[in-house]
There are 2 protein chains.
Amino acid sequence: MSHFADRLCQAIQEKRSCVVVGLDPRPEQLPPEFQPSPGASAEEVAERFRLFHRQVVEVVTPHAVAVKPQIAFFEPYGPAGIAAYLDAIAFARGRGLLVIGDVKRNDIGSTAEAYAAAHLGPDGADAVTVNPYLGSDGLKPFIQVAARNGKGVFVLVKTSNPSASEIQDLLVDGEPVYVWVARLARGLGEAHVGRSGYSLVGAVVGATQAASARTLRREMPRALFLVPGYGAQGGAAADCAPCFNPDGLGAVVNSSRGILFAYAEPAWRQRFSPEDWRAATEAAVTEMRRQIEQVRSAQG
Amino acid sequence: MSHFADRLCQAIQEKRSCVVVGLDPRPEQLPPEFQPSPGASAEEVAERFRLFHRQVVEVVTPHAVAVKPQIAFFEPYGPAGIAAYLDAIAFARGRGLLVIGDVKRNDIGSTAEAYAAAHLGPDGADAVTVNPYLGSDGLKPFIQVAARNGKGVFVLVKTSNPSASEIQDLLVDGEPVYVWVARLARGLGEAHVGRSGYSLVGAVVGATQAASARTLRREMPRALFLVPGYGAQGGAAADCAPCFNPDGLGAVVNSSRGILFAYAEPAWRQRFSPEDWRAATEAAVTEMRRQIEQVRSAQG
């Protein structure tokens, strides 16, 4: 299998899209036809997730480069939830989408290897998110498995939540912790740059502060950024601008609720009924793509 | 259900033990009777794990206060692996052991709530490990669910792996990042102190450096420390001394391989054949308990 960054860059160029659709299933927000019965078993809820995600994937495939299932929303449903998570991965990959497993795993040595085997193996995603607090011991096993399997890793560098600053913005020799994390990830990624010029070691970069995004773009020129928080979390397309390199590449942008449950969002709910959720999702993903392509082409 | 820290302190005092047995299953290290067949399915491996852990729990229950299943070793076996993880939790709790789910989860807002619902709900562990890189947004949802359910949280503060220093030891205003994390966790735990005087917000503290353990004991007087790395990872009982408070409480100490696969460890393999793995495990957990009680009583 070819290099993850090359596959992602190729998909971006072919589809002219940097859109990632987050699969964050919540039973109470599913369109009416997928609503589980009151007091439904874990198996029933997981089955609804499975059916819903397959249809979401069909709708977004022409417009998105990847889906990002958030495993936290599957885990409450135990083994059935994990089966639904794996089904979403297999189905999306079968349709030619890349899959980023948002698992934020972290551990060291053989334990990290076990996580990597679980999440970057043949049935796993194309890439996963990982947490850097344990240092390179906690990142290398994921990177090694990813390199072997043509897959990728997105290191949490700078997140977009308000309290991210409590640890990530602490100043070390005048520079925030997240810049130190960025350099650690850059160093580990240097040996894994593909023909696209990008490394299989990417970074999660919240785009809510333009200055930090610019700093990180400079610190990690060969990293693909996974930018969360577009749409429902208040981020706008313009915020993503500093995440792109002059080549117009270097970032993918995620929206979860804003696409998945577009039919219930203020922007769309007047135009689409809950029964028309597919049309609402397609309108939302198309509009997101259009807005980001505008920003992206202005960088090139 | 009563307060997690009170339950753990009561177990320590009743059993005169601070021992936590890590359940880190690896198919190739299972005693002969549990060895899966070559090319075994995930279901078969998971079933072997299930049977093995039930017997391990029977052997260690008189000598340990808790088991700590490491979910990373279950996740490669998909839904069947998760079922085996949940079975270990249910079986150990049924025998009166506390269960610490070593999941190192982390995320924010409703995503963290979903993780907490999955791992600290009725079928979940008594406590879980969480990663602090996202700040209090990533810790509060776990703490709130834990408080509601009589459960606990161990925040990764200072880990024992060599590269932990790359992020955790960076100096901020003359103090390492892990001390800042400790203060964040202490602040979040202050509202959740039980009758034992300990908070449901504990800390993972690698005891490989005595100076940092002493600093953290001072910074987090009301936190229970989960100390990893005893035995197989090279840590000795004496290293744990600074993790105890003058009351002789305040820490539990984990060993995984050293107990679970004692029959294969240098210290025991001459005395016990692989068929006698139960006797080896019992000898190892008894000896670990004895050594730590010695250290602990010297603190009181």
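Quick housekeeping. This is a predicted model, where local features need pLDDT of at least 70, side-chain atom pairs count only at pLDDT 80 or more, and totals for chains, interfaces and linings use all residues. Residues are numbered from 1 along each chain as its sequence is written, chains are lettered from A and ligands numbered from 1 in the order in which they are written, and side-chain values use heavy atoms, leaving out hydrogens and water.

Okay, chain A itself. The C-alpha trace spans about 55 × 45 × 40 Å along its principal axes. Chain A has 10 helices and 10 strands; those are DSSP runs numbered from the N terminus, H or I of at least four residues for helices, E of at least two for strands. Of the 300 residues, 62% are buried, and buried means under 20% relative accessible area, exposed over 50%, partly exposed in between, with a 1.4 Å probe and protein chains only. Take contacts (heavy atoms within 4.5 Å) between residues at least 6 apart in sequence: in chain A, 74% of them join residues at least 24 apart.

Now the pair. Chain A superposes on chain B by a rotation of 180 degrees with 0.0 Å of shift along the axis, RMSD 0.0 Å. That's the relation of a two-fold axis. In chain A, the residue whose C-alpha comes closest to the axis is P79(A), at 2.0 Å. And 100% of chain A's interface residues are interface residues in chain B too, so the copies meet through the same surface.

Most residues other than glycine have a negative phi. D173(A), not a glycine, has a positive phi of about 50 degrees. D173(A) sits in the loop between β6 (171-172) and β7 (175-176) of chain A, and is exposed, at 68% relative accessible area. Over in chain B, R16(B) also has a positive phi, near 45 degrees. R16(B) is in the loop between α1 (4-15) and β1 (19-23). Is R16(B) buried or exposed? Exposed, with a relative accessible area of 60%.

Terms used: Least-squares fit on C-alpha atoms with pLDDT ≥ 70 in both.
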